[in-house]
Number of protein chains: 2
Amino acid sequence: MSVRFLQKGDPRPAPLQAGKVRLYSMLFCPYAQRPRLVLAAKGISYDEVDINLQNKPEWYSSVHPEAKVPALEVGRGRVVIESLDIAEYLDSKFPEPPLWPADPETKARHKLLLDQFEKVYMPYVQCMRATEPQTVMEVVPTVAAAMRPFEDKLAENGHKFFGGERPGMLDYMIWPWAERCEAIRTMYPQLKFPTEEFPQLLAWGEAMKEDPAVRASIMKPERHADFIRKFAEGTLDYNDL
Amino acid sequence: MSVRFLQKGDPRPAPLQAGKVRLYSMLFCPYAQRPRLVLAAKGISYDEVDINLQNKPEWYSSVHPEAKVPALEVGRGRVVIESLDIAEYLDSKFPEPPLWPADPETKARHKLLLDQFEKVYMPYVQCMRATEPQTVMEVVPTVAAAMRPFEDKLAENGHKFFGGERPGMLDYMIWPWAERCEAIRTMYPQLKFPTEEFPQLLAWGEAMKEDPAVRASIMKPERHADFIRKFAEGTLDYNDL
């Protein structure tokens, strides 16, 4: 998979065709992977434009006011931003298959878990910037504690996925960070993550890897690790990713 | 309106009747007012239990894991927490009238504004704790800047409410803080809030006060001010509110 990241000086892509959507993304960005998973799960055909976040095209701030990814263009000059809002938008606009649980109470529980997931992924940013293994090792207990409600939820609902027999919105919204966990473990072999405490989540991760929507965007741990390492070292070159 | 706040030593209310919901609330809490507005807008009959947050009943932590309000009991031992998740739950469970815009793109825009509303209400916490007018005056520019997108949105959509000709979810979710703004202005007459920059929001506030769901929970600025003052001074007595 080779991606061309649009950068300063590159022209803006041609106007969006009627009825199409266009995702502004960055191949390694976990937030941008969220809508990519939803698009794949729903079989929506879309344009994808990858942005060089270190050297952004001049016109990109007229797509996203803070020039971040992801952004979903849904019509000429009409853009939806924020990964969760984009996911919700896609789920309403393209209802099949529905990704949230039909039961409002179960849905509320999933939303609450998704709120709590922040405590799992925030330390990921620390790992991305870490140049010392010590920094990463220090966040392990925090991450493990924050993962506990997810393990318990899977144990309780007795299905392979949070969504039931197939992945749902909660599964897809947390997957990008689960995918990168393995990369971080590869990078820091001295890191003792208590995997034995998370048998359900481990089985969930393996099952997720078989899901067609996940397979459409998954990358190998080595590739994530390479990106994370270069990012932390400050040697990232978008023209050589 | 006189409310009895359940406190330490008070027995837990009788089990919920089938088909009923019970809101654990606190009369002055803006977060708890959110579901109260939704319940009123949908004409849902419900039990309300007010909690003394300074001296909580022992059993309350088995309702809400962090013993916060609001919490919505939806069946025996089944509880939905977090004001926005409760609002969503109620909107799904009791679909009439629908409170979110039907168009997914408009809904996404409203959700984004709601995300941004945090920048408006976070300074409210500072005001609640302020004992010096200076503290409150310092947050005015921040709040005014954060309110700008809301003023612009109302100007752009040309309706009385964010939701159109009647209040929708966004209107109700931000109202509790708008209601308390007037109290804060009453408390600090020296505070020069640039009201002239927000003609749309002022008209919106007046229109909201006429809405039956708002009228069901609104309290006078003096009553809010009394609560806020006692809270800041540390002289709050739940048995004398």
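Me: What do the buried residues of helix 2 of chain B pack against?
Reply: In this predicted model, they pack against helix 3 (104-116) of chain A, and within chain B against helix 1 (30-41), strand 4 (71-75), strand 5 and helix 6 (169-187).

Me: What makes helix 2 of chain B largely enclosed by the rest of the structure?
Reply: A residue is buried if 20 or more other C-beta atoms lie within 10 Å of its own. In helix 2 of chain B, 8 of the 11 residues are buried, so the helix is largely enclosed. These residues are B:S83, B:D85, B:I86, B:A87, B:E88, B:Y89, B:L90 and B:D91.

Me: Why is B:P95 called exposed?
Reply: B:P95 has 11, so it is exposed. B:P95 sits in the loop between helix 2 and helix 3 of chain B. Its C-alpha lies 8.2 Å from that of B:K42, although the two are 53 residues apart in sequence.

Me: Why does A:L114 count as partly exposed?
Reply: Partly exposed covers the counts between 12 or fewer (exposed) and 20 or more (buried). A:L114 has 16 C-beta neighbours inside 10 Å and therefore falls in between. A:L114 belongs to helix 3 of chain A. Apart from neighbours within four places in sequence, A:L114 has contacts with A:L170 and A:M173. From the C-alpha of A:L114 to that of A:P15, 99 residues away along the chain, the separation is 34 Å.

Me: How do you know that the reach of helix 1 of chain A is close to the expected one?
Reply: The expected span is 1.5 Å times one less than the number of residues. Helix 1 of chain A (residues 30-41) has 12 residues, and its C-alpha atoms reach 16 Å from first to last, close to the 16 Å expected. The helix is followed by A:G43, which has a positive phi, near 60°.

Me: What makes helix 1 of chain A largely enclosed?
Reply: 9 of its 12 residues are buried, so the rest of the structure largely encloses helix 1 of chain A. Among them are A:R34, A:P35, A:R36, A:L37 and A:V38. The cover over the buried residues includes strand 2 (22-25), strand 4 (71-75), helix 2 (83-93), helix 6 (169-187) and helix 8 (212-215) of chain A.

Me: Which parts of domain 1 of chain A touch domain 2 of chain A?
Reply: Domain 1 spans 5-98 and domain 2 spans 104-238, with their C-alpha centres 23 Å apart. Their contact takes 16 residues from domain 1 and 14 residues from domain 2 of chain A. On the domain 1 side, helix 1 and helix 2 of chain A are the elements that give two or more residues. Helix 1 gives the most, with 8 residues. By class, the domain 1 side has 9 nonpolar, 4 polar and 3 charged residues.

Me: Why is chain A called as compact as a globular protein of that length?
Reply: Chain A has 9 helices and 5 strands, in the order β-β-α-β-β-β-α-α-α-α-α-α-α-α. Its radius of gyration is 18 Å and the globule rule gives 18 Å for 241 residues, so chain A is as compact as a globular protein of that length. The C-alpha atoms fill a box of roughly 50 × 45 × 25 Å along the principal axes. Of the 241 residues, 36% count as buried. Among contacts in chain A with a separation of 6 or more, 72% join residues 24 or more positions apart.

Me: What rotation and shift superpose chain B on chain A?
Reply: A rotation of 180° with 0.0 Å of shift along its axis does this, with an RMSD of 0.0 Å. That is the relation of a two-fold axis.

Me: How do you know that the copies meet through the same surface?
Reply: Of the interface residues of chain B, 100% are also interface residues in chain A, so the copies meet through the same surface. Chain B and chain A give 17 residues each to the contact. On the chain B side, strand 5 (78-81), helix 2 (83-93) and helix 3 (104-116) give two or more residues. Helix 3 of chain B has the largest share, 7 residues. The chain B side divides into 7 nonpolar, 1 polar and 9 charged residues.

Definitions and conventions
Residues are numbered from 1 along each chain as its sequence is written. Chains are lettered from A and ligands numbered from 1 in the order in which they are written. This is a predicted model: local features need pLDDT of at least 70, side-chain atom pairs count only at pLDDT 80 or more; totals for chains, interfaces and linings use all residues. Helices (H or I, at least four residues) and strands (E, at least two) are DSSP runs, numbered from the N terminus. Two residues are in contact if their C-beta atoms, placed from the backbone, lie within 7 Å. The radius of gyration is taken over C-alpha atoms; the globule rule is 2.2 Å times the number of residues to the power 0.38. Copies are superposed by least squares on the C-alpha atoms of residues with pLDDT of at least 70 in both. Ala, Val, Leu, Ile, Met, Phe, Trp, Tyr, Cys and Pro count as nonpolar, Asp, Glu, Lys and Arg as charged, and the others, Gly among them, as polar. Domain bounds come from an automatic or database domain assignment.
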